[in-house]
Amino acid sequence: MALLPVPTGQREYVAFGSIRSDFDILEQPLMSTTTAPRNILDCIGNTSLVPLTHLVPATGARILLKIESENPTGSMKDRMALAMIEAAESDGRLAPGGSVVEYTAGSTGVSLSLVCGVKRYPLHIVTSDAFAQEKLDHMALLGARLHVLKSDGGRMTEKLTRDMIEAARIITEETGGFWTDQLNNRDQLAAYRVMADEIWAQTSGEIHAFVQSVGTAASLRGTAKRLRERTADV
Ligand SMILES: Cc1ncc(COP(=O)(O)O)c(C=O)c1O
């Protein structure tokens with residue numbers, strides 16, 4: 001992937017000329033030269049929307065893929081991690097240098113590790129050996145302090161979830177930290193309003209259906225709510 005330099009005032013384009021896939025990606029707008037990133041967190045969002053050109057018959061619907069893997073850690077969770085931290089900063093729940101705590105199987109943890117690493121908040125991640133070692137390694141490499149609970153033979157059980165919640169609660173108390181509590185934190189919805197606005201702008205409002213696989217479903221709820229504020233016809 002290479003950024004092609006362009007004269008000031010024009011948009012920059014990223015070229016994917018060497019990639020062969022079902023996606024006919026040649027040139028996608030990346031960002032305006034007037035908003036040069038100050039750090040990696042400025043690279044969150046503004047992901048490409050790419051048409052599927054080979055899998056869909058010519059007479060079929062126009063299907064566009066939002067390439068969330070373009071976010072710095074490779075997932076859309078970067079958006080919500082940043083939104084939760086920025087909301088806590090702005091209303092004083094998180095002071096400079098304060099600790100952040102979360103229990104997570106991986107993706108949110110990796111994104112929080114990036115955000116907290118850049119912003120220099122010590123991050124305590126409660127997790128388990130039931131989850132992918134790559135995710136645990138990624139969080140640790142980004143500077144998170146991991147509290148790895150032993151699972152029952154690598155299985156995710158209700159007891160393990162209860163134990164992770166309890167461990168997060170204790171660490172929050174002990175550190176006087178801020179528990180992002182992703183499953184109950186509504187600040188993350190702001191991130192998906194932004195994603196919906198990106199989709200709206202990228203399609204010039206020509207969107208009739210939005211499809212997404214879900215985990216907690218927060219991203220689907222946030223995106224759908226915002227799109228429906230724009231048009232009831234989605
Ligand atoms: C990489 C990634 N993308 C998307 C999702 C789904 O998002 P949500 O939890 O908002 O439904 C998850 C988690 O469940 C995830 O890990």
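A residue counts as buried here if 20 or more other C-beta atoms lie within 10 Å of its own. Keep that cut-off in mind on this tour of a predicted model.

**Stop 1: helix 1**

Select residues 77-90, which form helix 1. The helix has 14 residues. From first C-alpha to last it reaches 20 Å, close to the 20 Å expected at 1.5 Å a residue. Now colour by burial. Helix 1 is mostly covered, with 10 of its 14 residues buried. These are Lys-77, Asp-78, Arg-79, Met-80, Ala-81, Leu-82, Ala-83, Met-84, Ile-85 and Ala-88.

What do the buried residues of helix 1 pack against? Show helix 2 (107-119), strand 9 (178-179), helix 5 (189-202) and helix 6; these are the partners. Then step just past the end of helix 1 to Gly-92, where phi is positive, about 85 degrees.

**Stop 2: the core**

Next, bring up the largest nonpolar core, a set of 36 residues. Ala-81, Leu-82, Ile-85, Val-100, Val-115, Leu-123 and Ala-168 have the most contacts inside it. Several elements each supply at least two residues of this core, including strand 6 (100-103), strand 7 (123-128), helix 3 (133-141) and helix 4 (158-175). Helix 1 gives the largest share, seven residues. Colour by domain next. Domain 2 (77-183) and domain 3 (185-206 + 215-234) both contribute residues, so the core lies between them.

Centre on Val-115. Ignore its neighbours within four places in sequence. Val-115 is then in contact with Leu-41, Ala-81, Leu-82 and Ile-85.

**Stop 3: the ligand**

Move to the ligand. Select Ser-75, Met-76, Lys-77, Ser-107, Val-214, Gly-215, Thr-216, Ala-217, Ala-218, Ser-219 and Leu-220, the residues around it. Which helix gives the largest share of the shell around the ligand? Helix 6 (residues 218-230) does, with three residues. By class, the shell has five nonpolar, five polar and one charged residues.

**Stop 4: Arg-169**

Finish on helix 4, and pick Arg-169. Is Arg-169 buried or partly exposed? Count the other C-beta atoms within 10 Å: there are 15, so Arg-169 is partly exposed.

Methods. Residues numbered from 1 in each chain as written. Predicted model: local features only at pLDDT ≥ 70, side-chain atom pairs only at ≥ 80, totals over all residues. Near = placed C-beta within 6 Å. Helix = DSSP H or I, 4+ residues; strand = E, 2+ residues; numbered from the N terminus. Nonpolar A, V, L, I, M, F, W, Y, C, P; charged D, E, K, R; others polar. Expected span 1.5 Å × (residues − 1). Buried ≥ 20, exposed ≤ 12 C-beta atoms within 10 Å, placed from the backbone. Contact = placed C-beta atoms within 7 Å. Core = buried A, V, L, I, M, F, W, Y, C linked by C-beta atoms within 7 Å. Domains from an automatic or database assignment.
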